[in-house]
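Please consider the structure shown below and follow its helices in turn.

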Amino acid sequence: MTASPRLISFTLLALVAFAANSVLCRWALGDAAIDAASFTAVRLVAGALTLLLLVKLSDRRLPIHRAVKAGSIRGAAWLFLYAAGFSFAYIQLDTATGALILFGTVQLTLIGISLWQGHRLNSTEWAGVFAACAGFVYLILPDLTTPSLRGLVLMMGAGIAWGLYTLNGRGSNQPLLDTAGNFIRTAPLVLLLFIPFIETVQISRDGFWLAVVSGAFASGCGYALWYAVLPSLSGIQAGILQLSVPLLAAAGGVLLVGEALDPRLLLASVLLLGGIALVLWGRRQAG
């Protein structure tokens, strides 16, 4: 089955949005423009408000309380755990390393669950998985950036949560409404997040607006697009596709945050993107 132009464009936009989140978060936290708890809170609130607006624009007759009741408690929990772990991890990780750990963990989570549920990979898909994983491992070797243990654990936790959130979204028949509902349902958790960090709250104007952009566009709009394309992707495809995000994030880190571009990124890019192509080709052969 050939992918439609709509599916391809929505998928690309969603992946760019994921990369933008890494760049915006690292930009804000790296400059100490905002603390991690506040970034998480503003990001989720901005995402919820933007999604409510999109829901109303898509169907003016739809009452707001439908959005409040949409989504699920489970989806909101995975979303919150991902967003909080993501923010706190980026205090100690650079843009590219954080994105690689995040989406590498996402891939392993999705592949592990898919295999546990009985899916079997053909030889081409296995070759693609190994190539993509090799690129991931090569890029995070100590010669590039050795992540702190705390940052590594937090980002891996965020990756597991995002993988589970991705799987949770595959059953959605109303992606925009469910995404809005998930964001709204994180509100009580956001309030609880402030309790242990209330004395360290720090929000500058720049930090606030970076979090707003992250929440409204890169998160709210990006996740709605991702939920829309998920039913057309297998769990393995979704995991492999997201491995392209670290490359986009690394480029953003160089251009916007001023991080150094390591030549190793070129070889890792070939392995990662080559692995993505192999998995998608293998899935097409199997179909």
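The model examined here is predicted.

Two packed helices are described by the angle between their axes and the distance between the axes. In this model, helix 1 covers residues 5-30 and helix 2 covers residues 36-58. Their axes come within 10 Å and cross at roughly 140°. Because of that angle, helix 1 is oblique to helix 2; an angle would have to be over 145 degrees to count as roughly antiparallel. The crossing in which helix 1 passes helix 2 is right-handed.

Which residues make the contact? Helix 1 contributes N21, L24, C25, A28 and L29, while helix 2 contributes A36, F39 and R43.

The length of helix 1 may be considered next. Helix 1 contains 26 residues, and the distance from its first C-alpha to its last is 37 Å. This is close to the 38 Å expected at 1.5 Å a residue. Following helix 1 is A32, which has a positive phi, near 55°.

Helix 4, residues 73-89, can be examined in a similar way. Its 17 residues should span 24 Å at 1.5 Å a residue, and its end C-alpha atoms are 24 Å apart, so the two values agree. Is helix 4 largely enclosed or open? Because 12 of its 17 residues are buried, helix 4 is largely enclosed by the rest of the structure. The buried residues of helix 4 include G75, A76, L79, F80, Y82 and A83. Further along helix 4, A84, G85, F86, S87, F88 and A89 are buried as well.

Terms used
Residues are numbered from 1 along each chain as its sequence is written. This is a predicted model: local features need pLDDT of at least 70, side-chain atom pairs count only at pLDDT 80 or more; totals for chains, interfaces and linings use all residues. Side-chain values use heavy atoms; hydrogens and water are left out. Axes are lines fitted to C-alpha atoms, for helices over the stretch in contact, and angles run from 0 to 180 degrees between N-to-C directions. Helices (H or I, at least four residues) and strands (E, at least two) are DSSP runs, numbered from the N terminus. Angles under 35 degrees count as roughly parallel, over 145 as roughly antiparallel, 65 to 115 as roughly perpendicular and the rest as oblique. A crossing is left-handed if the near helix is turned anticlockwise from the far one by less than a right angle, and right-handed if clockwise. Contact means heavy atoms within 4.5 Å. The expected span of a helix is 1.5 Å times one less than its number of residues. Buried means under 20% relative accessible area, exposed over 50%, partly exposed in between (1.4 Å probe, protein chains only).
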